[in-house]
Each structure stands twice: as C-alpha cells, then as structure tokens.
Amino acid sequence: MKSINRWMYGPTPEEKVRTWQGKLRQQERQLDREIRNLEVATSKSKSELKQLAKKNDIKSARILAKEVVRANKQRDRLESSKARVRSVGMQLQHQLSMVKVTGAFQKSTEIMKTTNALVKLPQLSATMREMSMEMMKSGIMEEMMEETLDSVNDDEELEEEADAEVDKVLFELTDGKLGQAGKVGAALPENKEEEEESEEEIQRMRREMQELLG
C-alpha cells in the first residue's frame with residue numbers, strides 16, 4: 001500500500017525531510033574538508049612568514065600576509081555557511097513536527113533566507129538550488145529572489161583594509177619583527193640566489209592558497 005501511495009502522491013513529508021537532511025550532511029562534510037585544507041595551507045604560510053621575517057624580506061612577507069588575510073576571511077565564510085547548513089536542518093526537523101499537527105508543510109521565511117544565503121556560496125550553489133526547487137514544490141518556500149551579492153570582490157576589499165590587517169598579521173606572526181608600518185626597514189636579502197629561491201617559494205605557496213580560495 002505504501003509503495004502505491006508513493007507512486008501516486010510521491011515521497012511522504014518524512015521521506016522528503018530525510019532526503020534533504022542527508023544532502024545537508026553531505027554539504028557540511030564538504031565544508032569541513034575545505035576548512036581543514038585551508039587551515040593546513042594557512043599553517044604552512046604562517047611558518048614561511050616567520051622565516052621571511054628572520055630574513056627581513058618585507059616585500060615577500062607582505063605578499064604572503066595578504067594571502068593569509070584572504071584565507072582567514074574565506075575560513076570565516078565557510079564556518080558561517082556550515083552554521084547555516086545546520087540551521088536549515090533544524091528548521092526542517094521543526095517542519096516535520098508541524099506536519100504531524102497540521103498535515104502539511106508550512107511556508108518558512110527563515111528557511112528561504114538561509115537557503116538564499118547558501119546558494120551564493122559556489123561550493124553549495126548547485127545542491128542548494130536543487131533543494132530550493134524541491135522545497136518550493138512542497139510549499140515550504142516561495143520563489144527565490146535573486147539578490148545582488150553583498151560581498152565585494154576580495155581584491156578590492158583587501159585594497160581598502162589590507163594595510164591594517166596585513167600589518168597586524170605580520171606583527172602577530174613574526175613576534176613584532178615585521179608589521180606596524182614604518183618601524184622596520186625595507187631591507188631585502190642580500191644573497192641574490194636566496195632571494196630568487198624565496199620568491200619562487202612564495203609564488204608556489206600563493207598558487208596553492210589561491211586554488212583553495214577558488
């Protein structure tokens with residue numbers, strides 16, 4: 001009888017919520033992996049920054065410090081998205097409780113707002129759009145509003161606030177040897193070979209970080 005009902009009416013509310021929550025758990029695991037990868041790359045960059053500080057290579061250190069600032073911002077973004085994913089899961093569980101009382105899903109502005117925010121994240125966009133369409137059909141959400149991205153391009157954002165943040169990162173990671181603009185000389189390594197090797201290493205690490213930052 002259950003299979004006949006499913007064929008006629010589609011999945012039950014319980015089955016729909018279970019499927020959605022399964023997808024949300026997958027997205028959460030993906031975010032966890034990205035956060036871990038980002039932390040590993042950032043840790044390597046911080047170690048390299050300390051080495052650059054010992055060489056008083058300010059130019060290369062500032063380049064790498066910018067990547068650390070970007071990585072920190074991206075990590076915060078991923079952590080916020082993970083919290084939103086969990087929030088949607090809990091709200092869906094609440095919807096299921098309401099179904100037992102009212103017999104149907106209820107429209108939820110909160111789910112719509114949270115899902116809209118998650119759609120903006122490239123890593124989750126496809127899955128969240130698919131889920132949004134399914135939730136619209138089930139009556140939980142109204143048609144999604146395409147909102148303008150409120151985040152500014154990372155490079156422009158860095159240009160506006162990088163100096164203070166980069167100096168802070170440099171100061172903290174190098175125990176005060178670098179950072180606090182104007183207090184340190186702009187001397188670079190005298191050894192040309194050492195300078196070239198350092199530059200190559202910086203470029204390699206920047207590429208790795210940028211790949212993770214997507």
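**Burial.** I began with how much of the protein is hidden: 37% of its 214 residues are buried, where buried means under 20% relative accessible area, exposed over 50% and partly exposed in between (1.4 Å probe, protein chains only). I keep in mind that this is a predicted model, in which local features need pLDDT of at least 70, side-chain atom pairs count only at pLDDT 80 or more, and totals for chains, interfaces and linings use all residues. Residues are numbered from 1 along each chain as its sequence is written, and side-chain values use heavy atoms, with hydrogens and water left out.

**Helices.** I looked up the secondary structure next and found seven helices and zero strands. Helices (H or I, at least four residues) and strands (E, at least two) are DSSP runs, numbered from the N terminus.

**Contacts.** Of the contacts with a separation of 6 or more, 77% are between residues 24 or more positions apart; contact means heavy atoms within 4.5 Å.

**The aromatic pair.** How many aromatic pairs does the count come to? I found one, using the rule that rings of Phe, Tyr and Trp (its six-membered ring) pair if their centres lie within 6.5 Å, with planes under 30 degrees apart counted as stacked, over 60 as edge-to-face and the rest as tilted. Trp-20 and Phe-105 form this tilted pair, 6.0 Å centre to centre with 40 degrees between the planes. Trp-20 is in helix 2 (residues 13-54), while Phe-105 is in the loop between helix 3 (58-102) and helix 4 (109-119), 85 residues apart. Trp-20 is buried at 2% relative accessibility, and Phe-105 is buried too, at 12%.

**Gln-95.** I then turned to Gln-95, in helix 3. Is Gln-95 buried or exposed? Gln-95 counts as buried because its relative accessible area is 5%. Its side chain reaches the backbone oxygen of Gln-106 at 2.8 Å. Leaving aside neighbours within four places in sequence, Gln-95 has contacts that include Phe-105, Ser-108 and Ile-140.

**The cores.** A nonpolar core is a set of buried Ala, Val, Leu, Ile, Met, Phe, Trp, Tyr and Cys residues joined through side-chain atoms within 4.5 Å. The largest has 25 residues, and Trp-20, Leu-92, Met-135 and Ile-140 are among those with the most contacts inside it. Helix 2, helix 3, helix 4 and helix 5 (125-137) each give two or more residues to this core, and helix 3 gives the most, with seven. I also noted a second, separate core of 10 residues, including Ala-61 and Leu-170.

Key:
Polar contact = N/O pair within 3.5 Å; in protein donor to acceptor, adjacent residues only side chain to side chain.
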